[in-house]
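Please look over the sequence and the model, and then turn to the notes below.

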Amino acid sequence: MIVHGVLNYVAKIIPALQSRCTRFRFGPLKDESVAAKLAEVCQSEELTLDERASKAIVKLSGGDMRKVLNILESCSLAYKTIPETKIFQVTGRPSPDTVESIYDALTNQDFSTAFNTFNEHKTSKSLALEDILRELHKCVMETNFPELMKMNLIMRMSEIEFRLASGANERTQIASVVGIFIEART
């Protein structure tokens, strides 16, 4: 007996059935394998992806082919030729250009300008603050900051993520993000 929506969540299967089953855990697929299968699906569905769009889908999927197909299907409902910008619009995830603009504002601008830049990108593109923070974390780790500064920024951003998960106001948390970057610069 197969129950819809239960197959991916072992905790939703009653213990009596779990004890009679074998669990298979699959690691993420390699990017090359995902890209090859994505190209094959695009060809069979008569969809056109530019190189950057293909790389964006592979990156967003994290090696999960189901995510690749879901993203591709969502995009294909509206577009037959899919550029990179549409991938990020459809998924609601921040594009590299958006993250770069926000990160540049956080590391170079005064509080008001950085806050307005951050808030404008978030609201105009309907982005989740959690997604932006995840990408900012990667930016901090790749930047040539002293290790103590990186550690402080990551710790403070994790506190902001915790407050967001607890229901804190996003606008206030944006101000907190801007504040910690300005504090780190000084």
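F111 has a relative accessible area of 38% and is therefore partly exposed, since that class lies between 20% and 50%. The model in which this residue sits is a predicted one.

**Aromatic pairs**

- A pair of aromatic rings is described by the distance of the centres and the angle of the planes.
- A search of the whole structure identifies 2 aromatic pairs.
- Y103 and F181 form an edge-to-face pair, because their ring planes stand at 90 degrees, over the limit of 60, with the centres 6.0 Å apart.
- F111 and F115 make up a stacked pair, with 6.3 Å from centre to centre and 10 degrees between the planes.
- Helix α7 (residues 111–124) holds both F111 and F115, which are 4 residues apart, or about one turn of the helix.
- F115 has a relative accessible area of 11%, under the 20% limit, and so counts as buried, whereas F111 is partly exposed.

**Overall form of the chain**

- The protein chain contains 10 helices and 2 strands.
- In sequence order, these elements give the pattern α-α-β-α-α-β-α-α-α-α-α-α.
- The radius of gyration is 20 Å, well over the 16 Å that the globule rule gives for 186 residues, so the protein chain is more spread out than a compact globule.
- The C-alpha trace spans about 60 × 45 × 30 Å along its principal axes.
- Of the 186 residues in the protein chain, 33% count as buried.
- When contacts between residues at least 6 apart in sequence are considered, 61% of them join residues at least 24 apart.

**The cavity**

- Across the whole structure, the search finds 1 cavity of 30 Å³ or more.
- The volume of the largest cavity is about 30 Å³.
- Its lining is formed by T107, F145, M149, L153, F181, A184 and R185.
- By residue class, the lining of the largest cavity comprises 5 nonpolar, 1 polar and 1 charged.
- At least two residues of this lining come from α9 (147–165), and at least two come from α10 (170–185).
- The most is given by α10, which supplies 3 residues to the lining of the largest cavity.

**L153, a residue of the lining**

- With a relative accessible area of 1%, under the 20% limit, L153 is classed as buried.
- Leaving aside residues up to four places away in sequence, L153 touches V140, F145, I180, F181 and A184.
- L153 and L136 are 17 residues apart in sequence, and the C-alpha to C-alpha distance between them is 10.0 Å.

Conventions:
Residues numbered from 1 in each chain as written. Predicted model: local features only at pLDDT ≥ 70, side-chain atom pairs only at ≥ 80, totals over all residues. Heavy atoms only, no water. 1 Å grid on protein atoms, 1.4 Å probe; cavity = no way out; pocket = protein on both sides within 12 Å on 5 of 7 lines; lining within 4 Å. Points joined across faces, edges and corners; volume = space filled by probe spheres on them. Nonpolar A, V, L, I, M, F, W, Y, C, P; charged D, E, K, R; others polar. Phe/Tyr/Trp six-rings, centres within 6.5 Å; stacked < 30°, edge-to-face > 60°. Buried < 20%, exposed > 50% of the residue type's maximum accessible area, 1.4 Å probe, protein only. Rg over C-alpha atoms; globule rule 2.2 N^0.38 Å. Contact = heavy atoms within 4.5 Å.
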